[in-house]
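Hello,

Here is the structure for you to look over. My notes follow below it.

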Amino acid sequence: MSVSTNPFANYTLSITAQYQGTKQAIEETQKKPARKIYRSMDAMLEECVFLGATRFGTNYIA
């Protein structure tokens, strides 16, 4: 068993490990999801009629 010369080494390592875990979790949540691609107008309308207005503007008529 080795004796550490720094009595706060374990405390510091625990803080840095928690920091790294938090940093990775924040980076993971900030990733944007992949955008859905519709191959046809009918496929888009099957999912939601109002989706066309957000995608093609307020003058979109389904």
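**Surface patch**

Phe8, Tyr11 and Ile15 form a nonpolar patch on the surface, and together they have about 360 Å² of accessible area. Patches take residues with over 30% relative accessible area and no salt bridge; nonpolar side chains (Val, Leu, Ile, Met, Phe, Trp, Tyr) are joined within 5 Å, like charges within 9 Å. Accessible areas come from the Shrake-Rupley method with a 1.4 Å probe, and for residues only the protein chains shown count as cover.

This is a predicted model: local features need pLDDT of at least 70, side-chain atom pairs count only at pLDDT 80 or more, and totals for chains, interfaces and linings use all residues. Residues are numbered from 1 along each chain as its sequence is written, and side-chain values use heavy atoms, with hydrogens and water left out.

Tyr11 sits in helix H1 (residues 9–29). Tyr11 is exposed, at 56% relative accessible area. Exposed means over 50%, buried under 20%, partly exposed in between (1.4 Å probe, protein chains only).

**Salt bridge**

The structure has one salt bridge. The side chains of Glu28 and Lys31 make it, at 3.5 Å, N to O. The criterion is a side-chain nitrogen of Lys or Arg within 4 Å of a carboxyl oxygen of Asp or Glu. Lys31 is exposed, with 56% relative accessibility.

**Whole protein**

The protein has three helices and zero strands. These are DSSP runs, numbered from the N terminus: helices are H or I, at least four residues; strands are E, at least two. The pattern along the sequence is α-α-α. Of the 62 residues, 6% are buried. The protein exposes about 6,100 Å², with 58% of it from carbon and sulfur atoms.

Best wishes
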